[in-house]
Amino acid sequence: MAFSALDHQHMARALQLAERGLTTTSPNPRVGCVIARDDQRLGEGWHQRAGQAHAEVYALRAAGDRARGATAYVTLEPCAHHGRTPPCADALIAAGVARVVVAMTDPNPLVAGQGLDRIVHAGIVAEVGLLGDEAHELNIGFVSRMTRARPWVRLKAASTLDGKTALANGISQWITGPAARTDGHRWRARACAILTGFGTVRADDPQLTVRDVPCDRQPLRVLVDARFEVSPTARLFNGDPVLVVIAEPNPEKAAALAGRNVDTLLLPNAHGKVDLPLLLTALASRGINELHVEAGFKLNGSLLREGCVDELLLYTAPMLVGDAAQGLFNLPELSTLTQAHRLTWRDIRQVGNDTRWIGRFQRGG
């Protein structure tokens, strides 16, 4: 399907609008909409947070009567079901738009083509696929939750050039510089949840909050703690929601954390550890689209071995600390390179004096 240069401009603008909801729309997708006629934009809008109006509604309000006969550019297929808001497909039909251009269909089974069908049946021209890859990337976690029943898992780590995350004595602050740490908080802010392990909490006592960038909602903190050993005085328990995932119940520890906005989830596997794949399923059922991991090399290794990591967000500092220091992943020795976990690099750039690498793990190799 051929789209014009103007079509590309208007959809690019809709994607820019959608990105404004990067940290606020969870568990809903990030969506932008532009109502335009030729080169004139008549109305714009984006979904700002769950429970509030969708992008199409804001754009139609701004356009008013001028929307009749115009084209609507939407980054995600307009919804066709009654949720907390009425169907956007019906709003576009009622406004009398002549054409709807959609970047990608909605993977939500409640929509999944039904919005476009309703629009077409109303006699409106509907076209799909303009800047679809960009729209998919913007909502990669939502797509993952809808199609795989698990969040998109992004593992963040900071290492030296020789692949070490901490000295043998546990000292790790700070390997990377302030610019890299601020950038890491941007990735925290867009996530629905941040996951770590008991070892990291014991060693570093992190807050796991978004602090270095503006963010008006804190992601859910998820602690993997098989034996429920965490201290109730850990800084993690600051009043914001925390989910502690355990393999063994501990009534005394649960009682000590009562009234602290802490929930526990018992998910043991056959080895007495937390069942990590089942944890991803459980998080998806709680509306978690993107899961941001900041853990130690043991949990990092377990997540990778069990196929739970989709993307690596790695910051490398220009320093060398030697073989005795701690590595990135606790992985078994390999006998052949065909057993290696391979990645495809998506982005490589300098951040301050450090380098940021974003790669995706290749499935099946």
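Let's start with the charges: there are 22 salt bridges in this structure. The rule is a side-chain nitrogen of Lys or Arg within 4 Å of a carboxyl oxygen of Asp or Glu. Before going on, the ground rules. This is a predicted model, where local features need pLDDT of at least 70 and side-chain atom pairs count only at pLDDT 80 or more, while totals for chains, interfaces and linings use all residues. Residues are numbered from 1 along each chain as its sequence is written, and side-chain values use heavy atoms, with hydrogens and water left out.

Take one bridge. Aspartate 310 pairs with arginine 148, at 3.0 Å from N to O. The two partners sit 162 residues apart, in distant parts of the chain. Aspartate 310 is in the loop between helix H11 (297-305) and strand E13 (311-317), and arginine 148 is in helix H6 (residues 140-148). Helices (H or I, at least four residues) and strands (E, at least two) are DSSP runs, numbered from the N terminus. Arginine 148 is partly exposed, at 33%. The scale is this: buried is under 20% relative accessible area, exposed is over 50%, and partly exposed is in between, using a 1.4 Å probe and protein chains only.

Next pair. Aspartate 205 bridges to arginine 235, with the closest N and O atoms 3.9 Å apart. Aspartate 205 is in the loop between helix H8 (198-204) and strand E9 (220-224), and arginine 235 is in the loop between E9 and strand E10 (242-246), so this bridge ties together parts 30 residues apart in sequence. Aspartate 205 is partly exposed, at 28% relative accessibility. Arginine 235 is partly exposed too, at 42%.

One more pair, then a network. Arginine 356 and aspartate 347 meet at 3.1 Å, N to O. Arginine 356 counts as buried, at 7% relative accessibility. Through shared partners, salt bridges also join Arg30, Glu137, Arg154, Arg190, Glu290, Glu311, Arg346 and Arg360 into one network.

Keep Arg30 and Glu290 in mind for the cavity. The structure holds 1 cavity of 30 Å³ or more. The volume of the largest cavity is about 60 Å³. Its lining has 17 residues, and Thr25, Asn28, Arg30, Asn289 and Glu290 lie nearest the centre. H6 supplies the largest share of that lining, 3 residues. By class, the cavity lining has 5 nonpolar, 8 polar and 4 charged residues. On classes: Ala, Val, Leu, Ile, Met, Phe, Trp, Tyr, Cys and Pro are nonpolar, Asp, Glu, Lys and Arg are charged, and the others, Gly among them, are polar.

How are these spaces found? On a 1 Å grid over the protein atoms alone, a cavity is a set of points where a 1.4 Å probe fits but cannot get out; a pocket is an open set with protein on both sides within 12 Å along at least five of seven lines; lining residues have an atom within 4 Å of a point. Points are joined across faces, edges and corners, and volume is the space filled by probe spheres set on them.

Now the second largest pocket. Its volume is about 530 Å³. It is lined by 22 residues, with Glu19, Leu22, Leu138, Trp187 and Arg190 closest to the centre. Helix H1 (5-19), helix H5 (132-138), helix H7 (178-190), strand E15 (343-351) and strand E16 (354-361) each give two or more residues to the lining. H7 gives the most, 4 residues. The pocket lining divides into 9 nonpolar, 2 polar and 11 charged.

Last, the annotated sites. UniProt, in an unreviewed entry, lists His54, Cys79 and Cys88 under "binding site". They span 35 residues in sequence, yet no two of their C-alpha atoms are more than 9.2 Å apart, so they gather at one spot. UniProt positions are in the numbering used here, feature names are shortened, and annotations may be inferred rather than shown by experiment.

Histidine 54 is in the loop between strand E2 (40-46) and helix H2 (55-63). Cysteine 79 is in the loop between strand E3 (71-74) and helix H3 (88-95). Cysteine 79 is buried, at 6% relative accessibility. Leaving aside neighbours within four places in sequence, cysteine 79 contacts (heavy atoms within 4.5 Å) His54, Pro86, Pro87, Cys88, Ala89 and Val111.

The unreviewed UniProt entry also puts "active site" at Glu56. Glutamate 56 lies in helix H2 and is buried, at 3%.
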